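Please keep the structure in view while reading.

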Amino acid sequence: MWRLLQIELFKISKRPRTYIAFIAIAAIVSIFQFAFKADGQSYMDLMMQSAKEEFTFDRVQAINGYFMCYIILNTLLIQVPILVALIAADSISGEANMGTLRLLLSKPVSRTQLIIVKFAAATIFTVFLLLWMAVTALLLSIVIFGTGDMLVFRTKGEDSQIMLITQDDVMWRYYAAFAYATVALTVIAALSLLLSIFAENSIGPIIATVCIVIVCTIISNINVPVIDRNIKPFLFTSYLVGWKGFFYIGTRPDGSTIKGSLENWPAIRKSLLILLAHIGVIVGASVLVFRRKDILS
Amino acid sequence: MKLLIAVILGFCGASLQAQDADGLIKKVKAKIDLVNNYEADGIMKTNVTFLKVPEAQVKIYFKKPNLLRIKNEKGISFVPKGAVSINLNSIVSGSQYTAIDAGYDNIGSVKTRVIKLLPTDDNADVVLSTLYIDEASLVILKAKTTTRENGSYQLEMIYGKYIGYGLPDKLTFTFNTKDYKLPKGVTFDFDDGSNNQPAQKNKNGKAEISFSNYTINKGVADSIFK
């Protein structure tokens, strides 16, 4: 298994498209950093709305590395599923396209083993992608903008809130958020892998994955009560942004924040478990489908 | 004839009471004027419906006539813009107002003299200030101010060690707030399924500052206020 995984990782590292994802992330992050360095105040004014007329605060200090990373992740984690799909959707369909699938399965490797190794390789790629995001969006932003207390702007139902997290309470939230994002993106990797079993080339599964993510994301954010109640809880896209829960800090009845606390840990845990269940079901389905796949025709 | 005498005495009485109000304000102002500048440590607690912020350790700087700065040296603090009025000098400075005696009222167990200040300038932003003054200590315990453009605000002061300078140990500043709404579709928030009913709209915000370590009349650089 380990040897097989090494081979899979080697194959991924040799594909040019692997590096497209890393280059795309670096480019998007750089553009954000440049834009905020040049005119971050405009964004801050937009987010502050009427509050800027009533309160004074240090806007320069507010645009720091922690705030930047949150803004970048907020935007990027909608696009990253596409980048994950680029690799994961190629797992089986790429082999089929090149004619190596039959050759591969003629080796003393079970189909279950092969699917699990392909899934593990896609997961490792996802982890590296997120580590790259952590380096560029968080560490590089800290180098450029420095550190400080972190502002989080949030809409909760009909209300809008501004939360402030002190700088000594931020980093553990990022560790947790990146770990959660790894699980969330692994669901996409599993979905792409499943779809790639049905195709003979990788374009189809990539497009199919992207379409599923886009449609489900729209449904998850549509805010129609009947959909919220009956459909939204069953869509994995409703839980992809659960990483933000780590930045919703707990408060006392008087509104003051409690350092080191989370507003709703049970909800985050539930989301995490739902995502893990999705991974289990999708990977299980992939194994079942692949074991029955006719590779001779 | 008796009626005429009664009217004249009544008029004189009212005039004397007005002078008393002016006199009391002058005495309070004289006490406030003892402080040319100060620097103090403070702990600021902000309670506004849409703001979720921790208690902040702040530095408060004041310089006559009305320069005031509240600064969080370790991080970010949201300071209400009207907080400049926590400098009582800004309320009683100048003489462009008419002081009207409005009797007595109790703040806690302290009997206070209530004096209303009406600006003589028709275009002044402040429409009315009501001061609750402890006559024995010559300090303002509570001040309510109504403005033309910036709503109403209220100050409540608790005095201790620095009562001789008219500087409070604790100050509660209550002010009007507007609705805060983020533009739709920019945040993509995590719906954790918790109660998403709108919070009760409390139009008043509150900032509490507990002062300590006053350094009085030792000079404060102008650059602090820039």
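In what kind of crossing, left-handed or right-handed, does H1(A) pass H8(A)? The crossing of H1(A) past H8(A) is right-handed. The model discussed here is predicted.

## Describing a helix pair

Two packed helices are described by the angle between their axes and the distance between those axes. Both pairs below are presented in these terms.

## Helices H1 and H8

In chain A, helix H1 covers residues 2–14 and helix H8 covers residues 111–145; their axes come within 9 Å and cross at roughly 50°. H1(A) is therefore oblique to H8(A).

On the H1(A) side, the contact is formed by Leu4(A), Leu5(A), Glu8(A), Leu9(A) and Ile12(A). These meet Gln113(A), Val117(A), Lys118(A), Ala120(A), Ala121(A), Ile124(A) and Phe125(A) in H8(A). Sorted by class, the contact of H1(A) with H8(A) comprises 9 nonpolar, 1 polar and 2 charged residues.

## Helices H9 and H10

Helix H9 (residues 171–197) and helix H10 (residues 203–220), both of chain A, have axes that come within 9 Å and cross at roughly 135°. H9(A) and H10(A) are therefore oblique to each other, and their crossing is right-handed.

Which residues of H9(A) meet H10(A)? They are Ile188(A), Leu191(A), Ser192(A), Leu195(A) and Ser196(A), and their partners in H10(A) are Pro205(A), Ala208(A), Thr209(A), Ile212(A) and Val213(A). The residues of this contact between H9(A) and H10(A) divide into 7 nonpolar and 3 polar, with no charged residue.

Notes: Residues are numbered from 1 along each chain as its sequence is written. Chains are lettered from A and ligands numbered from 1 in the order in which they are written. This is a predicted model: local features need pLDDT of at least 70, side-chain atom pairs count only at pLDDT 80 or more; totals for chains, interfaces and linings use all residues. Axes are lines fitted to C-alpha atoms, for helices over the stretch in contact, and angles run from 0 to 180 degrees between N-to-C directions. Helices (H or I, at least four residues) and strands (E, at least two) are DSSP runs, numbered from the N terminus. Angles under 35 degrees count as roughly parallel, over 145 as roughly antiparallel, 65 to 115 as roughly perpendicular and the rest as oblique. A crossing is left-handed if the near helix is turned anticlockwise from the far one by less than a right angle, and right-handed if clockwise. Two residues are in contact if their C-beta atoms, placed from the backbone, lie within 7 Å. Ala, Val, Leu, Ile, Met, Phe, Trp, Tyr, Cys and Pro count as nonpolar, Asp, Glu, Lys and Arg as charged, and the others, Gly among them, as polar.
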